[in-house]
Structure formats: C-alpha cells, structure tokens
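Please keep the sequence and the model in view while reading.

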Amino acid sequence: MKAILLTTVLMLSTSALAVDVVVHPSNNAALDKGKIEQIFLGKLKTFDGSAKVIPISQVDSNPVTEEFNTKVVGRSASQLKAYWSKLLFTGKGQPPKSMANDQEVMKLVADNPNVIGYVTSGSADGNVKVLMSF
Amino acid sequence: MKSNNAVKLLIGGALASCSFCSYADVVFNGFASLRATSADSDGGTSAFPTHKADGDISFSDESLFALQARTDLGEGLSATIQIMAEGTEDFDAEARWAYISYELSPQHTISMGRFANPSFYQSEYQNVGFTNNFGRLPRAVYAGFDFSTIEGIALDSNFTFGDYSLVTKVLYGNWDGTTFLAATQNDETFGFKDEISVRVELSKDWWTVFAGFFMVEIEGGSVDSNAILGATKSAVELAVSQGATAQQVTEYENAVIWGGKDGLYGYSGFHIDYEKFIVDFEFANYGVEDSSDGFNRAWYTAFGYRLMDKTIVTVHHEKSIQDEGDLEFLKGISHPTLFATAKALRNTLSLREFDAIGVSVRYDFHSNAAFKFQYLSGEDTRPNVQDFTVLSAGVDIVF
C-alpha cells in the first residue's frame, strides 16, 4: 500500500514538474529543443523560413514557467528579464506575451497556426498538438 | 537644437499617426537605478566626472529613472520614445530616444530617428543596470561619452545557422553636442558627421563573440577654437615673434585640429556564461586620426561566479591608456616652437590614464530587481586624482 502511495506521489510530482510545448494541429514544423530555445529567446523568428513564429509564455508565478525556463531556455527568471531588457530597451525585440494559465495559451495556439506555447504536461486538449515534452 | 527639433518632429509624427489608429496599444516599460555612491581620491578630484571625490555618500550621482513607450501601429510599423531622468541632471526628464521602426521581414528591422549610438558592445543598454552584473559598467570602456545618442537610420538584422545566432547592425547618422574637456574645464561643442557604424555578434549556447566599429568625420566646434587653438594662442604668437611664417602657422593648425579629420572607434570581445561561471572581455580602440587626440586603448576583463541561484560575485580589472608616443601628426610642422607646442598639446589632451580593480556582488531579490554592491580601487595618472576608490550600493529594476 505504501509502495503504491509512494509511486503515485512520485508520478504526480513528475507530472507536475513536466512541461509540454504546444503548437497548432496543422503545424508540421520539425523543431528540436535548441530551436524552441531560439524561438523563445527571439533568435529564431520563423517556423520554416517564411511564417512568422509567435512565442507565448506564461506569467512568472506559474510553476510551469520556471520549469520551461530551466529545462528549455536554461535561464532563471532574472536572467531572462536581463536578456530581454537588452532587446526591449534597444528596440530589437519584445519578450513573449505572458498568459495567465494553460487554458489561455491553448486558446491562442488553437486560434493561430503561428503561435507556439507551453503548458503543464498532460493539460493539452485536442485543439492543440504537443510538439515536445520536457 | 537640432536634436530637440528632431525629437519633436518624431513625437509629433507618432502622435499624428496614432490619431489615425486609435486602436493601437501603447506599451510602457522602464528601468531605474537607485544607488548610493561614495568616491574618494588622494588628489581630491574624482576619477569619473559624475562623482564627487569628497568621500560623502551621494544618492544622485548614479541614480536614474527611464520610461519607454512603444506603440505598435500595425503592419510592422512601431513608434518608440524613451524618456530618462538622471540624478546628475537633477532628475530633469529628457527624451533620449525617439524613433520609428518598420519590420521589413522577421529578420530585418529598419529604424529612423534618435537612438543609442552603439559605440561599444553594451552602449545601447549601458544605462539599464539590471542587464549587467557590475555595480557600474567598467568606465575604462564605458566612459560616459556625450555622443551616446545619435540621429539617423539603422538596420538591425538577425540570422540563425543551426545552433548559431548572428546579430548585425548597420547605422548611418549625425550628432552634434558638447563634451566636457578637462583641459579647459568647460563644455565644448563638436560634432559627428556621416557616422557609419557596423556591429556583429555571433553566439551559440553559452558563448558570444562580438566586434564593431564606427567612423565619422569630426566637426571641430569649440573643441578646435577654444581647447586646441585658443589654448595655444600665446605659444603661436611666440612662434610668430620668433619668425614663424603664416604658412608654418597653418601647418600647425592643420596638424592639431580635429575638424575635418576621421574619428575611428572600434571594439571586440567575448562573453561566456557557462553554468556557474561568467567571463567577459572587451577591448576598445578609438581616437581622431592625424590630430592632437592620441588614440585610446581601453579594456576590461571580468570573472563572475554564481553563488546559489540568485547571487553573482564578479571580479574585474579595467585599464585605459592613451598613445602619447604616436607623434606622426607632427610631421608636417616645420617650425620648432610650433612643433613643441603641438607635442605639449598632445600630452595635455592625453593626460588621463588609469587602471582599477573592482569587486561586484549582485543579488536578485526579485525577478525584476537586483541589489548590487561594488568596490572599485584604482590609480589615475592625473596629479589631481592619483589613487582613488569608489564604493556603491543600490538597486536596479526593470518593469
């Protein structure tokens, strides 16, 4: 019984700490972790050389944001703020818009093939496609 | 005056545009630094112009507020204005930047108006303290030049090649204004005409290498008439009394003035951010060719280490020297008194060399705010400065 409980807790913990990168179901772009990182740092601007990519983030207070920043972008919230400040205050880029929760991200992704976002692992619905999980 | 008119024109243009697109959102962002600074020197004069060398704590010497407003006008067009209030200017707000940008493609954006002059690697965001780990960017390179803004046109581009990212900037513009000259203890006018600036930045994962330069034609202004020709007027009169001809005086004037000469500014360096270790190096070389202005060489090296997640300790060394030995500009001067005068003038204008070692601690107590402390100790060749120290502590925020 204890073993089952422990396993369940561990599974829940693992699930809570995982993050899914989601795109529009029609999006067939082949992206690896490096490309996703480049997109969320404003370095890679298109999915396939033509369609402009629109990365969407979530607010800092959401645990999934810290997971995504750590696992995919490799930077803390402060490091990302410093990075984007360099671009923002020189007119070279705007940080991704931050949504309040997974649902808002999925709505934007479902409505626009150019959007890419991330949600808590397992929360993606049928209107979006999970591109990669971390 | 030109600058103010340009800003008014841009603001007016942006507002006029907005009257046709009232749906456009205006996004406000900003940054601020609130810092207490105490500077001291054996010679009684501060090593850096913005500090008072009385050992007292100042809350205004290095504090500033800035607010940026950007409106997206649609179809890739946007207008941006950045207003900054510095403690050294009694927090009087000034529109430092005002420009319109048009996104030609996802990779290329063209901007026109007044914006930062990318003199060195971090010049464009040198006032945003949150972006760096120093208590103060090394003054050897980031000396606080008056020509930190420029009016013109710029093309920003970015490319990716696999895991590599390449960012470039090409700029054309002009600047006129004043600069404080220690030689005259006054603000003197001069200008940049036809500046052409190029910068390149290549990065991959944890490393970045960068290089850039700009070249301008100098407009001498009162730097020539007061600081150079005015200051040596009596010496020239002495030479004339000793038999110097008008031709020889012209030779002298042509040799020492800055006006009409080429100003060259270049820099290169690298940045490494690998796990807990951060290493920075930047070298800059700049001056006015064939003039009484000796070329400056300045550089800094910094080693940072992340303690836990939110604290970075950085130790750095910075050095600035001027090439007094390059006397090629004297070769056209045939009269010995004028020759000696020009040589003395070079020494006077090249009087400043310094090197310093600093320790900075950055603590990110909030995702938008960092507490910073820095202790800097150095030596300046000016007799009225000599050994100096600067102690500062404060908060940098972005919002």
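In this predicted model, strands S1 and S4 of chain A pair in the antiparallel sense, and five bridges hold that pairing. Within the pairing, A:Val21 has A:Tyr118 of S4(A) as its bridge partner. S1(A) also pairs with S5(A), again in the antiparallel sense, here over four bridges, and A:Val22 stands opposite A:Val130 of S5(A).

**The sheet of chain A**

- The five strands form an open sheet with mixed pairing, in the order S3-S2-S4-S1-S5 of chain A.
- The edges of this sheet are taken by strand S3 (97-99) and strand S5 (129-133) of chain A, each of which has a single partner strand, so one side of each is left without a neighbour in the sheet.
- Direction ignored, neighbouring strands of the sheet are turned against each other by 35° on average.
- S2(A) and S3(A) pair in the parallel sense over three bridges, and in S3(A) the residue that stands opposite A:Ile56 is A:Lys97.
- Helix H5 (residues 102-111) of chain A packs on the sheet, where it touches S1, S2, S3 and S4 of chain A, and its direction makes about 155° with that of S4(A).

**Burial of strand S1 in chain A**

- S1(A) is mostly covered, since five of its five residues are buried.

**Helix H3 of chain A**

- In helix H3 (residues 63-73) of chain A, the buried residues are A:Val64, A:Phe68 and A:Asn69.
- Seen down the axis of H3(A), these buried residues fall within an arc of 135°, and they therefore line one face of the helix.
- The buried residues of H3(A) pack against strand S1 (19-23), strand S2 (54-58), helix H4 and strand S4 (115-120) of chain A.
- After H3(A) comes A:Gly74, which has a positive phi near 70°.

**Chain A as a whole**

- The secondary structure of chain A comes to five helices and five strands, and from the N terminus on these elements run α-β-α-β-α-α-β-α-β-β.
- Of the 134 residues in chain A, 38% are buried.
- Among the contacts in chain A with a separation of 6 or more, 65% are accounted for by residues 24 or more positions apart.

**Chain B as a whole**

- Chain B has five helices and 17 strands.
- The radius of gyration of chain B is 23 Å, close to the 21 Å that the globule rule gives for 399 residues, so chain B is as compact as a globular protein of that length.
- Taken along the principal axes, the box that the C-alpha atoms of chain B fill is roughly 75 × 50 × 45 Å.
- Buried residues make up 40% of the 399 residues in chain B, and 62% of the contacts in chain B between residues at least 6 apart in sequence join residues at least 24 apart.

**Helix H4 of chain B**

- In helix H4 (residues 246-256) of chain B, the buried residues are B:Gln248, B:Glu251, B:Tyr252, B:Ala255 and B:Val256.
- Why do these residues lie on the same side of H4(B)? They cover an arc of only 115° around the axis, which puts them on the same side of the helix.
- On the other side of H4(B), the exposed residues are B:Ala246, B:Gln247 and B:Thr250.
- The buried residues of H4(B) pack against helix H2 (221-228), helix H3 (233-241) and helix H5 (336-349) of chain B.

**Contact between the chains**

- Between the chains, 20 residues of chain A are in contact with 27 residues of chain B.
- On the side of chain A that touches chain B, helix H2 (33-40) and helix H4 (77-88) of chain A each supply at least two residues, and H4(A) gives the most, with seven residues.
- By class, this side of chain A has five nonpolar, eight polar and seven charged residues.

Methods:
Residues numbered from 1 in each chain as written. Chains lettered and ligands numbered in written order. Predicted model: local features only at pLDDT ≥ 70, side-chain atom pairs only at ≥ 80, totals over all residues. Buried ≥ 20, exposed ≤ 12 C-beta atoms within 10 Å, placed from the backbone. Arc of directions from axis to C-beta. Contact = placed C-beta atoms within 7 Å. Nonpolar A, V, L, I, M, F, W, Y, C, P; charged D, E, K, R; others polar. Pairing = 2+ DSSP bridges. Axes fitted to C-alpha atoms, helices over the stretch in contact; angles between N-to-C directions. Rg over C-alpha atoms; globule rule 2.2 N^0.38 Å.
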